[in-house]
Amino acid sequence: VQVAKACDYHGAGTVEFIVDENLDFYFLEMNTRLQVEHPVTEMITGKDLVKEQIRIAEGYPLSFTQEDLQIAGHSIEVRVYAEDPKNNFLPDIGKLMTYVRPQGPGIRVDDGFEEGMDIPIYYDPMIAKLIVHDEDREKAIQRMIRAIDEYQITGIETTLDFCRFVLGHEAFTSGNFDTKFVEKYFKPEMLQVQWSESEKELLAGLAVEIFEQSKTSLKRVGANESNPIPRTHWKNRLI
């Protein structure tokens, strides 16, 4: 508040602090704009900050007072970047072959892309902001994990798997982490899928079942060399 008053500041802005191991706070900087993380504030207060800053720019007063504000529940945001966490977070480019957003209560996606669009090299590699809201932090974490699992993106590498790794890590769930999280806890090989023997057996059995069902389907529709089954049939069966 003192920073804003000192420069007679009007409008949306963010004052940032850094905290040390003793939980002492120090002023870092002020950004005279909305932050990427502003949906978190919107989710827990129910206030539309974009609308408010536009109204203020038009000369209207703020539509609420400090006393009107209450924090309701917990919100978490992850940035969905076109980056490869397995390759030192190198930016990736290409076409969004599949792009399906997660849905449901307490899930919000702020993005500017659709399936089939290209991720170019000329801009920031952020594809979307994925935000969730729930009644407490533990439930918000679980909702975010479910949302990440439902987010379908193919054609490029993204940070979704890395975000899921962070959300499940003890350092994050306990809150005992700092800005060196990647350096301390993350290695690219941690994102490789490790199948247990029982999971391998289950997958093998599923593959056999799909194959047998496909053969039955082929016989039922009378497929032969002169009447082949379209490729989409095989694709749908595998899906």
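Which residues are linked with R108 in a network of salt bridges? I began my notes here, keeping in mind that the model is predicted, and I found that the network joins E42, R108 and D110.

I looked up the pair R108 and D110, and their closest N and O atoms lie 3.0 Å apart, which is listed as a salt bridge.

**Entry on other salt bridges.** I noted that the count of salt bridges comes to 14. One of them joins the side chains of K86 and E157, with 3.5 Å from N to O. This pair links distant parts of the chain, since K86 sits in the loop between strand 4 (83-84) and strand 5 (90-91), whereas E157 sits in the loop between strand 11 (152-154) and helix 5 (160-168), and the two residues are 71 apart. I looked up their accessibility as well, and K86 is partly exposed at 34%, as is E157 at 33%.

I also examined E135 and K139, which form a salt bridge whose closest N and O atoms are 2.2 Å apart. Here E135 counts as exposed, with a relative accessibility of 53%, but K139 counts as partly exposed, at 39%. I reminded myself that side chains of opposite charge can pair when their charged atoms come close.

**Entry on the surface.** I next turned to a nonpolar patch on the surface, made of V3, V15, F17, V19, L23, F25 and F27, which together have about 690 Å² of accessible area. The elements that give it two or more residues are strand 1 (14-19) and strand 2 (25-31), and strand 1 gives the most, with 3 residues.

**Entry on the whole chain.** Finally I looked up the overall make-up, and the chain holds 9 helices and 11 strands. Of its 239 residues, 26% count as buried. The chain exposes about 16500 Å², and carbon and sulfur atoms supply 53% of that area. Among contacts between residues at least 6 apart in sequence, I noted that 55% join residues at least 24 apart.

Conventions
Residues are numbered from 1 along each chain as its sequence is written. This is a predicted model: local features need pLDDT of at least 70, side-chain atom pairs count only at pLDDT 80 or more; totals for chains, interfaces and linings use all residues. Side-chain values use heavy atoms; hydrogens and water are left out. Patches are made of residues with over 30% relative accessible area and no salt bridge: like charges are joined within 9 Å, nonpolar side chains (Val, Leu, Ile, Met, Phe, Trp, Tyr) within 5 Å. Accessible areas come from the Shrake-Rupley method with a 1.4 Å probe; for residues, only the protein chains shown count as cover. A salt bridge is a side-chain nitrogen of Lys or Arg within 4 Å of a carboxyl oxygen of Asp or Glu. Helices (H or I, at least four residues) and strands (E, at least two) are DSSP runs, numbered from the N terminus. Buried means under 20% relative accessible area, exposed over 50%, partly exposed in between (1.4 Å probe, protein chains only). Contact means heavy atoms within 4.5 Å.
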